[in-house]
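Please keep the sequence and the model at hand while reading.

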Amino acid sequence: MRYKQVTIVITAMLVLFGIYSLKNMARAEDPKIDTPTAMIYAFYPGADEVQMEKQVTTKIEQYLFSFEEVDKNKTRSQTKDGKVFITVELYPKIKDRKKFWSTLQHGLNTVVKSNLPSGVDGPTVNSNFGDVTAQIITVSSKTRSYAELDKYLDAMEDALKTIPEVSKINRSGGQKEQIYINIDDLKMQQYGFDISTIVDVLQKNNVTGYSGEMIITDNTIPVFTQGQYKSEQEIANQTIYTKTDGTIVRLKDVANIERRYEEEESFIRIGEDKAVLLSIEMQPGNNIVAFGEQIDEKLHELQTKFPEDIKINTIFSQPEVVQESISHFMIEFGLAIISVIVVVMFLLPFRMAAVSSLAAPIAVMVTFGVMNMVGIELHQVSLAALIIVLGMLVDDAIVVVDNYIEKLDEGITPWDAAWKAAKQLSLSIFTATLAIIFAFLPLAIFMHGIAKDFMASLPVTIAVALFASLLIALFLTPYMCFVFIKKGLHKQEPESKKKRKSMLDLLQDLFDKAVTYCFNRPNLTMAGAVSAVLLAFFVASNVQQEFFPVSQRNQFNVEVWMPSGTALSETDKTVRAVEAVLKKDKRVISTASFVGTSSPRFQTTYAPETPKRNFAQIFITTSGNDATDELVKEYRPKFEGFVKDGYIRFRQLSLQEGSPIAIRVIGNNMNDQKRIGEQVKAILEKTEGTNWVHSDYEQDYVGVSLKIKEDAASRLGVSHQSITQTLGAGLKGNSVSKIWEGDKSVDIFLRLDPKSRKDFSALENLHLTTSYGNTVSLKEVADIVPSWHTGVIARRNGLRTLTITSEAQSGIKAATIIAEVDHEIKGIKLPDGISIKYGGDAESSAENMPGMLMALGVSLLLIFLTLLFQFKMLNKALIVLSTFLLSLLGAFLGLYITGNPMGMTAFMGIISLIGIVVRNGIILVDFTDELVRDHGYTIREAALAAAKRRMRPIFLTSSAGAVGVISLIVGKSPLWSPLGSVLAFGLIVSMVLTLFVIPVMYYKFVKPEPQFHGLEELPETTHI
């Protein structure tokens, strides 16, 4: 007050810095979620899935589990014939992850590699597996070759590398040219040599090696030998064999040589266009919206230089998502500020309302400035924190203004009334602020995993905003009261001039009568409070649960799952059929198809699928968030049964990793696992709300096993190695060498021609060269036997784990479905060595609930200690703390009425309520103590008077808080609407219960202190 210019200048500077920060601070859609995840992969051509598991997977897992940093429960693997993919997850406490991944790769190379079969390629650690891309940009054309597309992709990469904020650039979708040597097996037999001869000749004649140097007249002249092939013509003319009669056999005599693109294992398609792509990541700490603008500028410049048939498409843009998300939240935030101000203006006289309301925008701007300084980005969580706390930001100012008006009515001068109003309430305001901060603070400490990373900025943002509000209320608001409010509201006026009662006056009169009634029947009042708590738990039992809801986005994915063994071309046919149906809908803006593979990771929990021919992902962009929801709900049932023995999966984004329903069958006997899995699957399929119930072991498929006739092979001089090498090179083919064209390499790929591998008969008649120089057919030394194989052997924590998964649909949550099937699943008679566990949403809830309950317990403990510090009496602290129970009815009632589930953000709302209702309790009890201590009121008189006097500020602050979060409910965000429901309904219901119950409890449980004698009358309290 005395140094008002200092206060005003500092406030103005902080506000200006906040405005600057709002315009320039880093932005993101979500907080940075740290995923300490890597992928280890290894390949062992020729091994079936069981051999691969025993000889490769288990060896790698044993080594992984020797590290204390590895979270074994989260480490899982998929083993197929000839390949294994292991997802490794570290504990969040491990900070130097790059060092660990480097150490792990070194150990795999030096320790594990020597214990693996000699033909194993790998294991290799992909530590970038968990990286999330900022943009996915394609270069596509209907007419150009992949080689031409690669040149334009090079140009685009060179242009984007010049942007300083670019972190990583990765390429996908390219197809390599290869020189195919298709060998005629019959001709080789006629000439008397086999595939190994061709391989040996090609490799020895396509080399560049050191040829030495010459010293001539003191000059050193290096000698270069150009021994590499330069074209397919040179390869075709290569001499392979010379017969005893001098006949020269060239490669073209026994093989057809052609140059073409490799046989596709996967590809990317934009409509009918071939496509290759770049995925781009941004350096952390930058404004991703500004980053996106730089990218767009470069792409626009490139498009003008490229030919018309070369198209640049951005199929995913995190900057656009962030811009839309932030804009949407800023609109909701603006509406919330306006709503709070309108409520205050509506319920208070103009000047009082103006002074009180100004605290909110000032506190918000100060908060933006501090967020920018401490490195908190602007994203949906930090903005949601501000919306949550928005109603609280005017609380302190309202209480101070209300107390200032009361001082004026007592006849105190405006100057003294201003500083005394703030000083008198400073301790209770500070304690109430601490209570709210303590309610949120443990969330940043005791939660873990994705939930902790996601919510970590919420308590910090709320704490900063509340402290800013506290300082404004104590230092700026008193001076503004002195400047703008010179008169109280209780001046005596003639009866004829008395104003009509306002709505708040009428509400006050009604409350006065009701609270007096409660004081006359205290036992009935407390019984009603107990009934409200019991009713809260009853309502809670009827609220659905969903820990991680789906995210709002104008994009979703359709995953096409074909039966195991499906050819890539058949998968593409199905993809085209799905695209044809969806493209007829005007709400579908564009599609991008990843056939045989999946897109780069564009969201933390959307892990890319391992490459497989029977899988495809269609990336669909819609006209808006609502259109996405509508399309998924409309088309999901239409595609039921679209693929025989397969499935078309509609997948919206969510923080829930994988399917929301997952039931794991754990054991070593695969036959028992599959039998129990079928029973679990049958139970889920008949349960309402389930969708795409399937096993991650996938379908069994038919393979061919070669049973070598040991005696015959030994007698004829045919080794196992000769058989496997001939089959491997002849059927699948091998890259035996390569030619170089500038900086591009072209593989030389060797295999039998189609007629030599067209069926089992042709396979049986393949010729093998014996150690005696003769040739024999394959059927003389081996039998070809069909055999059944498991599609995938899935493991978790080093154990075989068959998982039956399902989606949840029709508005029924995963938790409800699990609760319904739990009894039946527990009734399954399990063989020895088989156990069942739940994953999915149930696992997420089970993992996070202990941390959340611990956070809740610590919050209550910290608040209790704060109350004990202020009131110095156990009974008063417990009375105020009991308001927590009174808030539960409104919280669960809000979820039930709005149809929102109980989940992560709803729990945040309950935590918020604890702080707010405790704040109201502090205001009531503190003022009651003042009446008893300073004015000689009896306990009953003080409690009743405090209830009547503090009804208005409590009503105003609670109403402002409730109105402030209505925008979250109206926005219908699956993530934030539950929180808004909890706060809006919880604030109103808890306010009513607090105003009636807490004064009665004070009257019943606080004993009078004997040293007080007589009553000192307060000036008559009238209404604002």
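How many salt bridges does the structure hold? The structure, which is a predicted model, holds 41 salt bridges. The protein chain has 1024 residues, of which buried residues make up 55%. Its secondary structure comes to 35 helices and 30 strands.

**Overall form**

- Taken along the principal axes, the C-alpha atoms of the protein chain fill a box of roughly 135 × 75 × 60 Å.
- The protein chain exposes about 45400 Å², and carbon and sulfur atoms supply 56% of that area.
- Among contacts in the protein chain with a separation of 6 or more, 80% are between residues 24 or more positions apart.

**Nonpolar cores**

- The largest nonpolar core has 200 residues, and the residues with the most contacts inside it are Met 156, Leu 160, Phe 368 and Trp 976.
- Helix H32, which covers residues 904–935, gives the most to this core, with 16 residues.
- A second, separate core of 38 residues includes Ile 195, Val 249, Leu 251 and Leu 727.
- Leaving aside residues up to four places away in sequence, Phe 368 touches Gly 18, Ser 21, Leu 22, Met 25, Phe 333, Leu 378, Leu 383 and Leu 386.

**Helix H4**

- Helix H4 runs over residues 146–160, and its 15 residues should span 21 Å at 1.5 Å a residue. The expected span is 1.5 Å times one less than the number of residues.
- The buried residues of H4 include Met 156 and Leu 160, both of which are listed among the residues with the most contacts inside the largest nonpolar core.
- Also buried in H4 are Tyr 146, Leu 149, Asp 150, Tyr 152, Leu 153, Glu 157 and Ala 159.

**Salt bridges**

- The side chains of Glu 258 and Arg 260 meet in a salt bridge at 3.1 Å, N to O. Glu 258 has a relative accessible area of 29% and is therefore partly exposed; Arg 260, at 25%, also counts as partly exposed.
- Asp 585 and Arg 587 form a salt bridge in which the closest N and O atoms are 2.7 Å apart. Asp 585 counts as buried because its relative accessible area is 9%, and buried means under 20%.
- Lys 738 and Asp 747 are joined through their side chains in a salt bridge of 3.9 Å, N to O. Within this pair, Lys 738 is partly exposed, with a relative accessible area of 31%, whereas Asp 747 is buried, with 10%.
- A network of salt bridges links Arg 269, Glu 272, Asp 572, Arg 576 and Glu 579.

- Tyr 3, Val 6, Ile 10 and Leu 14 make a nonpolar surface patch of about 400 Å².
- Val 6, one of these residues, lies in helix H1, which covers residues 4–24. Its relative accessibility is 48%, so Val 6 counts as partly exposed; the exposed class begins over 50%.

- Thr 87 is found in strand S3, formed by residues 83–89. With a relative accessible area of 10%, Thr 87 is buried.
- Not counting residues up to four places away in sequence, Thr 87 touches Thr 37, Ala 38, Met 39, Lys 74, Thr 75, Arg 76 and Phe 129.

**Backbone features**

- The peptide bond from Gly 122 to Pro 123 is cis, with omega near 0 degrees. Pro 123 lies in strand S4, residues 121–126.
- Asn 797 is not a glycine, yet it has a positive phi of about 55 degrees. Asn 797 lies in the loop between strand S28 (793–796) and strand S29 (799–808), and at 30% relative accessibility it counts as partly exposed.
- Lys 872, a residue other than glycine, has a positive phi near 60 degrees. The loop that holds Lys 872 is between helix H28 (840–871) and helix H29 (874–881). Lys 872 is exposed, with a relative accessible area of 62%.

Notes:
Residues are numbered from 1 along each chain as its sequence is written. This is a predicted model: local features need pLDDT of at least 70, side-chain atom pairs count only at pLDDT 80 or more; totals for chains, interfaces and linings use all residues. Side-chain values use heavy atoms; hydrogens and water are left out. Patches are made of residues with over 30% relative accessible area and no salt bridge: like charges are joined within 9 Å, nonpolar side chains (Val, Leu, Ile, Met, Phe, Trp, Tyr) within 5 Å. Accessible areas come from the Shrake-Rupley method with a 1.4 Å probe; for residues, only the protein chains shown count as cover. A salt bridge is a side-chain nitrogen of Lys or Arg within 4 Å of a carboxyl oxygen of Asp or Glu. Helices (H or I, at least four residues) and strands (E, at least two) are DSSP runs, numbered from the N terminus. Buried means under 20% relative accessible area, exposed over 50%, partly exposed in between (1.4 Å probe, protein chains only). Contact means heavy atoms within 4.5 Å. A nonpolar core is a set of buried Ala, Val, Leu, Ile, Met, Phe, Trp, Tyr and Cys residues joined through side-chain atoms within 4.5 Å.
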